[in-house]
Amino acid sequence: MKLERILQNQGFGSRRQCRQLVELGEVRIGGEVIDNPGAEIATAGLVYEVEGEAWTYREKTYVALYKPAGYECSHEPKHHRTVYSLLPHQLVERNVQSVGRLDLDTTGLLLFSDDGAFIHNLSSPKKHIPKVYRAELAEDGTDELIERLLAGVDLIDEPLPVPALTARLLAERSLEMSIDLGKYHVVKRMVAAAGNHVEKLHRNGFGGLTLGEGPLASLAEGEWIYLEEADLQQLYPAA
Ligand code: URA
């Protein structure tokens, strides 16, 4: 593929901007400046430098972000900062989208990709991919709360009661629950329907990926990492 085209589809700007970067000698491959924008370059395993920063060619890109509170999952936030401001602009330029959304005040694991099929797959309720949440409760949790969540609660826009896949108390006012549904405010609404109130919400896991473990072991709040093929396999429940 032509070098200018590679840079363009990896998020380095318009064709013209990418051509300029190359002509200005800002692009190196194997330590060597390539100043011909039309140079044919093999993309498999390609590592290149732009303005001294190393990048790996990725046909599609998959990212995990530890979302802090106070960021909106929107490209055009009205009143707050956007989660996209936490990603490098090359990824935003590639038009990565979040897989579902977390509320402004929710923290935790948020995935992004520019692979539409991947996003669709992970968002499909048919795939039954569990998401694990930790909620701080306004009142002490009870056995009854857990039983109600596991039995299923009525939500206004759902035809059938919605059950948690798992639910347990980690402390008097700390609930951990998992669901495979991705709906607006779903955890907060489920807990409210079961008779308590979520004061703080954190998503700790998505499929087999968990903050603080495996590839996400050292991901700190506000940080992001690329997910590699083996990491993506962990997302799906074992068949
Ligand atoms: N459920 C909620 O209520 N809020 C979130 O951010 C995610 C799930």
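## Two residues with positive phi

In this predicted model, His-185 is found in the loop between β12 (174-179) and α6 (186-193). The phi angle of His-185 is near 55°, a positive value in a residue other than glycine. Most residues other than glycine have a negative phi. With a relative accessibility of 27%, His-185 counts as partly exposed, because that category covers values between the 20% limit for buried and the 50% limit for exposed.

Asn-95 also has a positive phi, near 70°, and is likewise not a glycine. This residue belongs to the loop that runs between α3 (89-93) and β8 (97-98). Its relative accessible area is 45%, so Asn-95 is classed as partly exposed.

## A buried lysine

Strand β10, which spans residues 131-137, includes Lys-131. Is this lysine buried or exposed? Lys-131 is buried, and it has no salt bridge. The nearest side chain of opposite charge belongs to Asp-180, at a distance of 6.8 Å.

The side chain of Lys-131 does reach the backbone oxygen of Ile-129, at 3.5 Å. Leaving aside residues up to four places away in sequence, Lys-131 touches Leu-122, Arg-203, Gly-205 and Phe-206, together with Met-177, Ser-178, Ile-179, Asp-180 and Leu-181.

## The enclosed cavity

How many cavities of 30 Å³ or more does the structure hold? There is 1 such cavity. The largest cavity contains about 50 Å³ of space. Its lining is formed by Gln-10, Tyr-48, Trp-55, Thr-56, Arg-58, Thr-61, Gln-90, Leu-91, Arg-94 and Tyr-226. The elements that contribute two or more residues to this lining are β4 (53-56) and α3.

## The largest pocket

The largest pocket has a volume of about 620 Å³. A total of 28 residues line the largest pocket, and those nearest its centre are Arg-101, Leu-102, Asp-103, Lys-183 and Tyr-184. Two or more lining residues come from each of α4 (116-123), β10, α6 and β13 (198-206).

Notes:
Residues numbered from 1 in each chain as written. Predicted model: local features only at pLDDT ≥ 70, side-chain atom pairs only at ≥ 80, totals over all residues. Heavy atoms only, no water. Helix = DSSP H or I, 4+ residues; strand = E, 2+ residues; numbered from the N terminus. Buried < 20%, exposed > 50% of the residue type's maximum accessible area, 1.4 Å probe, protein only. Lys, Arg positive; Asp, Glu negative; His and termini not counted. Salt bridge = Lys/Arg side-chain N within 4 Å of Asp/Glu carboxyl O. Polar contact = N/O pair within 3.5 Å; in protein donor to acceptor, adjacent residues only side chain to side chain. Contact = heavy atoms within 4.5 Å. 1 Å grid on protein atoms, 1.4 Å probe; cavity = no way out; pocket = protein on both sides within 12 Å on 5 of 7 lines; lining within 4 Å. Points joined across faces, edges and corners; volume = space filled by probe spheres on them.
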